[in-house]
Amino acid sequence: MELLKVSKYVTYSIFGGSFGSLGSFLGKLSGSYSDSWLYYLIFFIAMIASNTIGSVLFAKSLSVSPTSLQPTVISTASNFISTAVFGVLFYEETTSLAWWTGTSLILTGIVLMSHEKKNKIQ
């Protein structure tokens, strides 16, 4: 049961990075609808809102974390993974097995780094 307990800063960092990636995705969409001002405006406003939410969540993760390193690394990794998923799903980009292996190693390192050690006083 202890493994399921996740620190608040981890949750805020993951969502902050994901919203940042979503903002980039929406910005790219707004550029592809440049012939229609209404779609451009909708996606542009959605991009600003998504980036704002991502920034607020990242700032929140920094405020509740004991250090600034862990939220920064987790948010960056979350943004990296989300961007790759958006690229594969919506823009038919390809990623190699080596890319996913490297990404898995990065995620493993992040999990190990963000795991809180508990000091036992005896």
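The protein has 4 helices and 0 strands, where helices (H or I, at least four residues) and strands (E, at least two) are DSSP runs numbered from the N terminus. This is a predicted model, in which local features need pLDDT of at least 70, side-chain atom pairs count only at pLDDT 80 or more, and totals for chains, interfaces and linings use all residues. Residues are numbered from 1 along each chain as its sequence is written, and side-chain values use heavy atoms, with hydrogens and water left out.

**Exercise 1. State the order of the elements and the share of buried residues.**

Step 1. Read from the N terminus, the elements run α-α-α-α.
Step 2. Of the 122 residues, 27% count as buried. Buried means under 20% relative accessible area, exposed over 50%, and partly exposed in between (1.4 Å probe, protein chains only).

**Exercise 2. Classify the packing of H2 against H3.**

Step 1. Helix H2 covers residues 37-64, and helix H3 covers residues 69-91.
Step 2. Their axes are 8 Å apart and the packing angle is about 150°. Axes are lines fitted to C-alpha atoms, for helices over the stretch in contact, and angles run from 0 to 180 degrees between N-to-C directions.
Step 3. Angles under 35 degrees count as roughly parallel, over 145 as roughly antiparallel, 65 to 115 as roughly perpendicular and the rest as oblique. H2 and H3 are therefore roughly antiparallel to each other.

**Exercise 3. Classify the packing of H1 against H3.**

Step 1. The axes of helix H1 (residues 8-32) and H3 come within 7 Å and cross at roughly 40°.
Step 2. This makes H1 oblique to H3.

**Exercise 4. Decide whether Trp37 and Val56 are buried or exposed.**

Step 1. Tryptophan 37 lies in H2. Its relative accessibility is 64%, so tryptophan 37 counts as exposed.
Step 2. Valine 56 also lies in H2. Because its relative accessibility is 52%, valine 56 counts as exposed.
Step 3. The C-alpha atoms of valine 56 and tyrosine 12 are separated by 9.1 Å, while the two residues are 44 residues apart along the chain.
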